[in-house]
Amino acid sequence: MSYTFKYLTVERAGFPPAKVPHLIVTLVGRENRIFNTAALVDSGADTCAMPKSVAEILGFDLDKAEETKIASASGFVEARKINVTIIVNLMREKRTILAPFNVIMGDFEPPVILGRAGFFENFHVCFSEKEKKFSLKPV
Amino acid sequence: MISASKASNLMMSIDLSSFSGEWVALEGAKILAHGKDLKGVHAQLKGISLSKILFTKVPGSETMIL
């Protein structure tokens, strides 16, 4: 079964409305700490990612996590590798995925990003940019 | 947590335009806390179970290319 989601639309004074593909997920960290969030569904992201603040709320000790660097539009960014459980509560089924995440260090706080490795490989994902919708079909 | 679709529709029924660029904590259609940094928003929720709270980063005025 396929599930369709509208892009999140936010009106902004002086700017065109922001329209972004988002999915509400539950992230589960250490000692079952949870973080429900509207995550950005990003087909251009190689992996899933989250800001440092989310990882800390989930109870991860980032000093002990493996260091890495990720390439962003603004250059290379310091990151840490962690594994996080993602729960996707679809209407008729619940998907639980253990996915690798890159934790973006520093002060930049993007939304949680659901990228290809760890997330897209669990679904057929289809975007309709014209209709501002996307669909997920679990595989 | 309710289904992703229901939660998404509920979230989109709320006018978030005045929180552009901020993190917002929602419980259903009620805004519990908001602010520029997530840790500050989280701190405002001390003592509240996070199981029914949804955190969202409201898009700001910037174009996002990550």
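**Note on a predicted two-chain model**

1. Among the contacts in chain A that join residues at least 6 apart in sequence, 57% link residues that are at least 24 apart. This figure, like the others in this note, comes from a predicted model.

2. As for secondary structure, chain A holds one helix and 12 strands, and, read from the N terminus, these elements follow the order β-β-β-β-β-β-α-β-β-β-β-β-β. The radius of gyration of chain A is 15 Å, close to the 14 Å that the globule rule gives for 139 residues, and chain A is therefore as compact as a globular protein of that length.

3. Taken along the principal axes, the box filled by the C-alpha atoms of chain A is roughly 45 × 40 × 25 Å, and 37% of the 139 residues of chain A count as buried.

4. Turning to the contact between the chains, 36 residues of chain A and 27 residues of chain B take part in it. On the side of chain B that touches chain A, the elements giving two or more residues are α1 (4-12), α2 (38-43) and β3 (54-57) of chain B, and the element that gives the most is α1(B), with six residues. By residue type, this side of chain B divides into 15 nonpolar, nine polar and three charged residues.

How values were computed: Residues numbered from 1 in each chain as written. Chains lettered and ligands numbered in written order. Predicted model: local features only at pLDDT ≥ 70, side-chain atom pairs only at ≥ 80, totals over all residues. Helix = DSSP H or I, 4+ residues; strand = E, 2+ residues; numbered from the N terminus. Rg over C-alpha atoms; globule rule 2.2 N^0.38 Å. Buried ≥ 20, exposed ≤ 12 C-beta atoms within 10 Å, placed from the backbone. Contact = placed C-beta atoms within 7 Å. Nonpolar A, V, L, I, M, F, W, Y, C, P; charged D, E, K, R; others polar.
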